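Here are some notes for anyone opening this structure without having seen it before. Have a look at the picture, then go through the points below.

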Amino acid sequence: MRILLVGEYSNLHNSLKAGLENLGHSVTLMSTGDAFKDYPSDVKLKAKRITGYSLLNFYRKALYRLTKFDIATLEIGYRALDYLVDQKPYDVIQLINEYPLKTPYFIERRIIERLRQLTPKLIILACGDDLIYLSNLNKLKHHPILQHPEIEFPYSEQYISLSHKKYHDFIFKLKDLIISTDFDYHLAYTNVDDYYGLIPNPIHLEKLVALPFPKPNPIVIFHGINQVNYYKKGNNYFEAALEIIQNKYPNRIQVVSVSNIPYAEYINAYDNAHIILDQTYAEDQGYNALEAMAKGKVVFTGAGELFTKHYKLAKKSVAIHTIPDAEKIADDLEQLILNPSRIAEIGLNARKFIEEYHDSTAIAKKYIKAWETAKPKADAISA
């Protein structure tokens with residue numbers, strides 16, 4: 001098949017692309033690279049004209065400070081349309097999210113219309129913030145928006161605005177199928193029209209080697225921070241827990257923190273770590289957690305009751321389920337510090353788990369099976 005994957009937030013589409021290509025399909029990935037993360041793409045949409053000239057970039061930043069509107073998104077949108085204008089049809093086009101390129105809505109609509117014209121099957125992933133997910137937070141035990149009403153989450157709140165709801169209604173009339181990528185989204189999307197179900201995230205295992213267990217003296221704890229999502233991921237709880245544990249075991253641990261680094265640098269930054277601090281507000285693992293687990297690390301992330309029951313796993317056997325509670329996080333860290341053999345055991349289990357349930361080629365087969373069930377809508381825009 002000829003396949004176009006649109007958007008990239010986490011390396012999900014890159015890994016799915018690898019799996020699909022292993023099966024003999026022709027795959028193109030088009031994305032912005034997701035800001036500083038700079039994920040690889042076959043078609044990289046960058047605002048080269050605006051950001052490449054100092055004067056234009058100066059006015060861009062000044063305008064953003066005043067209006068919160070980034071004129072670079074205009075250029076990204078027009079570059080996407082320019083690429084799509086003469087493309088031949090694709091058998092399947094899949095969007096990483098209902099709002100995959102984050103251009104102004106009037107441009108994103110034109111992009112979606114063109115994508116609809118290019119394929120009989122337009123697929124949307126329930127991945128990242130979207131209207132349905134954020135409208136169903138009551139189904140989640142912990143979420144930062146509910147836990148911290150005093151904190152603004154502008155990137156999330158945009159998805160429940162009136163302007164986004166109008167866009168959401170537009171794209172949901174054109175889509176043929178929705179696939180969720182973990183249990184947090186599955187909880188929100190159950191009973192939604194055209195919802196296929198959950199397909200686990202694909203992990204490109206050939207690129208992620210399970211490293212030998214580092215000497216546990218000291219035990220290295222890695223904390224990667226995305227400043228934009230600082231509260232959304234629960235980094236404040238991790239930092240509070242680290243302060244507790246550093247005061248208690250100053251000579252037995254080493255803490256490594258990094259902030260806002262490109263993906264290519266990030267994925268190797270924790271090679272010598274034993275423990276990875278990922279997030280505190282999830283039932284299931286996000287993409288960074290899965291890749292760290294593939295490297296045999298102990299990850300503090302979502303691994304809740306729904307997850308362990310589904311995979312028939314003992315608690316804390318492949319990852320440490322983490323909630324927004326600094327004292328509990330510190331206690332879980334302490335148990336590992338006092339029992340280093342458990343770190344090696346959980347890390348080994350984590351790698352085996354990823355191999356069994358997340359291999360990119362096996363997951364690509366699940367996607368193909370899902371796409372085959374998609375029934376194009378009669379009122380969708382035709383080529």
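1. Let's start with one residue. Leu 187 touches Lys 139, Leu 140 and Leu 306, leaving aside residues up to four places away in sequence; contact here means heavy atoms within 4.5 Å. Leu 187 sits in helix H10 (residues 183–189). Its relative accessibility is 26%, so Leu 187 counts as partly exposed; buried means under 20% relative accessible area, exposed over 50%, and partly exposed in between, with a 1.4 Å probe and protein chains only. Thr 308 is 121 residues from Leu 187 in sequence, and the two are 15 Å apart in space, C-alpha to C-alpha.

2. A word on what you are looking at. This is a predicted model, in which local features need pLDDT of at least 70 and side-chain atom pairs count only at pLDDT 80 or more, while totals for chains, interfaces and linings use all residues. Residues are numbered from 1 along each chain as its sequence is written, and side-chain values use heavy atoms, with hydrogens and water left out.

3. Now the whole protein. It has 17 helices and twelve strands, taken as DSSP runs numbered from the N terminus (helices are H or I with at least four residues, strands E with at least two). The C-alpha trace spans about 65 × 50 × 35 Å along its principal axes. Of the 383 residues, 56% count as buried. Among contacts between residues at least 6 apart in sequence, 73% join residues at least 24 apart.

4. How far apart are the mean positions of the positive and negative charges? For the 46 positive and 45 negative charges, the answer is 3 Å. Lys and Arg count as positive and Asp and Glu as negative, with His and the chain ends not counted; each charge is placed at NZ of Lys, CZ of Arg, CG of Asp or CD of Glu.

5. Helix H1 (residues 12–22) is mostly covered, with nine of its eleven residues buried. Among those buried are Leu 12, Leu 16 and Leu 20, and also Lys 17. The cover over H1's buried residues includes strand E1 (2–6), strand E5 (122–126) and helix H17 (360–373). Just after H1, Gly 24 takes a positive phi of about 95 degrees.

6. The structure holds 20 aromatic pairs. Rings of Phe, Tyr and Trp (its six-membered ring) pair if their centres lie within 6.5 Å; planes under 30 degrees apart count as stacked, over 60 as edge-to-face and the rest as tilted. One of the pairs is Tyr 39 with Tyr 263, tilted at 45 degrees and 5.0 Å centre to centre. This pair links distant parts of the chain, 224 residues apart: Tyr 39 is in the loop between strands E2 and E3, and Tyr 263 is in helix H12. Both Tyr 39 and Tyr 263 are buried.

7. Ring pairs also link Tyr 99, Tyr 105, Tyr 159, Tyr 167 and Phe 170 into a cluster.

8. Finally, some backbone details to check. Most residues other than glycine have a negative phi, and most peptide bonds are trans. Asp 38, in the loop between E2 and E3, has a positive phi of about 55 degrees although it is not a glycine. Asn 260 has a positive phi of about 50 degrees, and is not a glycine either. A cis peptide bond joins Asn 217 and Pro 218, with omega about 5 degrees; Pro 218 lies in the loop between strand E7 (195–198) and strand E8 (219–225).
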